Amino acid sequence: MSTFIKDFIERETISRRNFLLATAAGMGAMAAPFAFGSGAARAAITDPAIAWSYRDRASAYWNSIVSGGEAFVEAIGKSKDSLVSLINEGSSEKSLADIKAFLAKTNGKCAIACDANDSPNARPVVEAVRDAGAYISTIWNKTDDLHPWDIGDNYVSHMTWSDEKPAEQTARILFEAMGGKGGVVHLGGIAANNPAIERLNGLKNALKDFPDIELLDAQPADWDTTKGTELMASFLTRFGDKITGVHCANDNIAYGVIEALRAEGIENMPIVAYDGNPEAVKLVMDGKLLATVFTNPHWGGGITAALAYYAATGAFKPSEEPKEHREFYGPTILVTKKDAADFKAKYLDAVPSYDWKDFWGPSNGQIKYK
Amino acid sequence: MPRILTRENAIRWAPFLVLLALVILFTAINPSFLSQRNFARIAIAAAPALMVAVGVTFIIVMGSIDLSMEGVISLTAVLFCFLVLALGGTLASGGWIAIPVILVAGAAIGLVNGLIHVRLKIPSFMASLALGFVGTGAAILLTGGNIVKFDDPTFRALLTWRILGFPLMVYVAGMCLVLAWFIQAHTRLGRHFYAVGGGEELAHASGVRVRQVRLAGFSLAGFFYAIAAILQVAKIGQAESVTGSNFMFMSITSVVVGGVALWGGIGGVWNTLVGVLIVAVINNGMVVIGLPDFLQAAVLGLLVIIAVILSTDRRSVAFVK
């Protein structure tokens, strides 16, 4: 065996041993309070550590989520750096391992905001948090059979966004701009992603009211600008002038579509998008996009951390809240040309300061399962 | 009279025949595939990919591999946009200086890649993959995960200005291809790539300075990745930390499909051109004939395997690893 491999194994063994010891110490420390009395005595954690567990830093969306988390910790008088980022890089295993390590490090005196990366991972994550006596609020991914009220106070809340309705709204705006007739193509997200499915469904719902509009084709562009350009170019060859409107599953794809059309010298094609990124809002203002949908990730990032934090400090008791305060939809704001300038001034130019104790004000009702 | 239908000739022209067959197939299903406008669309899709594939061709001919392209493209694209914006935001206002600077930066990153591989004796596969991650990470750090828009009409003429129906960027890519061919066929460096790829010990024994050749190869590859980055920015008008995504699969596949052997010493930039066109034609054609999306990935994979079977000379190699 080469020395490299041998050294590597040795080092890993030692670090794993240290990790196990640390975890055991952490667990022991957490178990200790239970030995002395009921859980009620430890309902309040003074000054819990705060963490956000999410996918990556290479997207405007997650950056915005984190900026909201940072705004919240600053609002309670802590430094930005006190918000711990647990980046899972698209791995559920890493997501769970990071959270367990954070629980051990803080002895369970912590509040965690989390997107569990995929739905099945949410259960082990919230159970680990409950067992450590810490508090967690989740967004986006969880299975339909997992509910905060079944886990207890430690699983504070879950927020997600329903994309079907807003995608239907953008489709209606698109169809009206097309004069109620013609052909539309849909450039979607990664085919198996939930938001991609919902956004296409929204388009299909709107189609029912517009019999003279034909959905020429719907193909995945994987949320990606380059894919969007190339797919749109191929659509142009296949359908040519039959395309009179384009429905995109997100802003990044729309950027690609606009460039593919520009290469052909096609201006004024009606296009709608989704996500409400700053560049897209500017395109709406310039009239190059008809509409996009903003889900206010900044608020989502802050409020999710705030819910976990205030439940941990005992400011409110989750089990005393109604179900629509435990599982709810996040806000969606439609951005069209007539309100884009106002929208930009309100949400993008200066980030609004939110009342992080108004947990449910901008939310959108209790989650409904199909 | 020399025989035309020799085995060598068949193998030499096989990738081209595969390309021709694909064009005929797609045209038979949807005649609008065979139009100048569609060829221009395919050419736009292929231009940046061609530059990446040409860059990696030199490395593969040497018998090494370079997987740093995604990170290098993301980083150079982002640096390019930042630099132009810092220099006034248009090419005319002095932003053109960014072009040579970025080309040199690309070559420098390639040189670092080569130094890690040659000096630290780390296999090129690992060294370049790791450096690619560093590049992506640096791009994320610079952009903070955001998009950098760069929309100077003069620069975007690469996409919007057409000569004989094809955008300017296609001609730029064509000229760079000729440059690559010149390096490959008419310089000592080009011949040394083949010598190293054909048999490194033999090349070393014959006086080829293998280390220098490798360093030059990786620098050259980095230079071509930087060209690809600039063309990609011209194509989509923006740079971000994922600008380089998908180029790894696209370029390596193209090179192999075009008939350049992964074990080195065989093939060249013309093979790469045909390979890039094959992959671009497949990608475009699958949508044009209306293949359902859930079949596309599988069909792409199958067509790639078939293309490799038809276009590589496998009889001359003792084993494949």
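Which charged end sits over the ring of Tyr255(A)? That of Lys149(B) does, 4.2 Å from the ring centre.

This is a predicted model, where local features need pLDDT of at least 70, side-chain atom pairs count only at pLDDT 80 or more, and totals for chains, interfaces and linings use all residues. Residues are numbered from 1 along each chain as its sequence is written, chains are lettered from A in the order in which they are written, and side-chain values use heavy atoms, with hydrogens and water left out.

**View 1. Charges over rings.** Lys149(B) is placed over Tyr255(A). Within chain A, the charged end of Arg199(A) sits over the ring of Tyr274(A), 3.8 Å from its centre. A charge sits over a ring if NZ of Lys or CZ of Arg is within 6 Å of the ring centre and within 35 degrees of the ring normal.

**View 2. A tilted tryptophan pair.** The whole structure holds 27 aromatic pairs over all chains. Rings of Phe, Tyr and Trp (its six-membered ring) pair if their centres lie within 6.5 Å; planes under 30 degrees apart are stacked, over 60 edge-to-face, the rest tilted. Trp140(A) and Trp161(A) have ring centres 4.9 Å apart and planes at 35°, so this pair is tilted. Trp140(A) lies in the loop between β4 (135-139) and α5 (148-151) of chain A. Trp161(A) lies in the loop between β5 (155-160) and α6 (164-177), 21 residues apart from Trp140(A). Helices (H or I, at least four residues) and strands (E, at least two) are DSSP runs, numbered from the N terminus. Trp161(A) is buried, at 2% relative accessibility. Buried means under 20% relative accessible area, exposed over 50%, partly exposed in between (1.4 Å probe, protein chains only).

**View 3. An edge-to-face phenylalanine pair.** Phe294(A) and Phe343(A) are 4.8 Å apart centre to centre, with 75° between the planes. Phe294(A) is in strand β10 (residues 291-294) and Phe343(A) in helix α12 (residues 337-349), so the pair ties together parts 49 residues apart in sequence. Phe294(A) is buried at 6% relative accessibility. Phe343(A) is buried at 5%.

**View 4. An aromatic cluster.** Ring pairs link Phe72(A), Tyr309(A), Tyr310(A), Phe316(A), Tyr354(A), Trp356(A), Phe359(A) and Trp360(A).
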